[in-house]
Amino acid sequence: MDGSAPLLVIVDGANVVGSVPDGWWRDRRGAAERLRDRLAADGVPGRAGPVEIVLVVEGAARGVDSVPGVRVETAPGSGDDHIVELVAGAGGRPVLVVTADRELRRRVTERGAEVAGPRSVRPV
């Protein structure tokens, strides 16, 4: 792993937004924008040092724009597949994937990523 590169934090937008039943299903794009804004304001609590945050959105959340501090990537198909591709393309830098999806967790840890649950970036 490249210890000089900032930690790449990849957030599974659909999974994290869906982790709290706060009415997100009525406005998926708005919920993704609120998560993006929280990430931009708060970063990743408990993580020292510089981080690069990538929020992966899909489906009805498409069209969410990036903001300073959070790059938003719209998955062309499956969000999980896009996240796995991002991890695979990280070039040896440290990666943290935020999701509760068990299958996605398995897939990204096989490629060397660390995982954390939605509460690490979205307290309930």
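Tutor: The largest nonpolar core has 22 residues. Val9, Val11, Leu39 and Leu55 have the most contacts inside this core. A nonpolar core here is a set of buried Ala, Val, Leu, Ile, Met, Phe, Trp, Tyr and Cys residues joined through side-chain atoms within 4.5 Å. Buried means under 20% relative accessible area, exposed means over 50%, and partly exposed lies in between (1.4 Å probe, protein chains only).

The model is predicted: local features need pLDDT of at least 70, side-chain atom pairs count only at pLDDT 80 or more, and totals for chains, interfaces and linings use all residues. Residues are numbered from 1 along each chain as its sequence is written, and side-chain values use heavy atoms, with hydrogens and water left out.

Which elements build the core? Strand 1, helix 1, helix 2, strand 2, strand 3 (70-74) and strand 4 each supply at least two of its residues. Helix 2 gives the largest share, 4 residues. Helices (H or I, at least four residues) and strands (E, at least two) are DSSP runs, numbered from the N terminus.

Start with strand 1, residues 7-12. Of its 6 residues, 6 are buried. Both faces are covered. Leu7, Val9 and Val11 are buried on one side, and Leu8, Ile10 and Asp12 on the other.

Now the pairing. Two strands pair if DSSP finds at least two bridges between them. Leu7 has Val51 as its bridge partner in strand 2. Val9 has Ile53 there. Strand 1 also pairs with strand 4 in the parallel sense, over 4 bridges. Here Val9 stands opposite Leu96, and Val11 has Val98 as its bridge partner. Val9 therefore has a partner in strand 2 and another in strand 4.

Strand 2 is mostly covered, with 5 of its 7 residues buried. It pairs with strand 3 in the parallel sense over 5 bridges. Val54 stands opposite Arg71 in strand 3.

Strand 4 spans residues 95-98, and both of its faces are covered. Val95 and Val97 are buried on one side, Leu96 and Val98 on the other. Strand 4 pairs with strand 5 (residues 114-116) in the parallel sense over 3 bridges. Val97 stands opposite Val115. Strand 4, helix 4 (residues 102-109) and strand 5 form a right-handed β-α-β unit. Right-handed means that, with the strands pointing away from the viewer, the path from the first strand over the helix to the second runs clockwise.

Next, the empty space. Rolling a probe the size of a water molecule over the atoms shows where empty space is left. A pocket, on a 1 Å grid over the protein atoms alone with a 1.4 Å probe, is an open set of points with protein on both sides within 12 Å along at least five of seven lines; lining residues have an atom within 4 Å of a point. The largest pocket has a volume of about 180 Å³. That volume is the space filled by probe spheres set on the points, with grid points joined across faces, edges and corners. The pocket has 13 lining residues, and Ala14, Trp24, Arg28, Glu58 and Ala61 are the closest to its centre. Helix 1 (13-17), helix 2 (28-42) and strand 2 (51-57) each give two or more residues to the lining. Helix 1 gives the most, 3 residues. By class, the lining has 8 nonpolar, 3 polar and 2 charged residues. Ala, Val, Leu, Ile, Met, Phe, Trp, Tyr, Cys and Pro count as nonpolar, Asp, Glu, Lys and Arg as charged, and the others, Gly among them, as polar.

Finally, some serines. Ser19 lies in the loop between helix 1 and helix 2. It is partly exposed, at 33% relative accessible area. Ser19 and Thr99 are 80 residues apart in sequence and 9.3 Å apart in space, C-alpha to C-alpha. Ser78 lies in the loop between strand 3 and helix 3 (79-88). Ser78 is partly exposed, at 32%. Ser4 sits in the segment before strand 1. Ser4 counts as exposed because its relative accessible area is 70%. The C-alpha atoms of Ser4 and Ala14, 10 residues apart along the chain, are separated by 30 Å.
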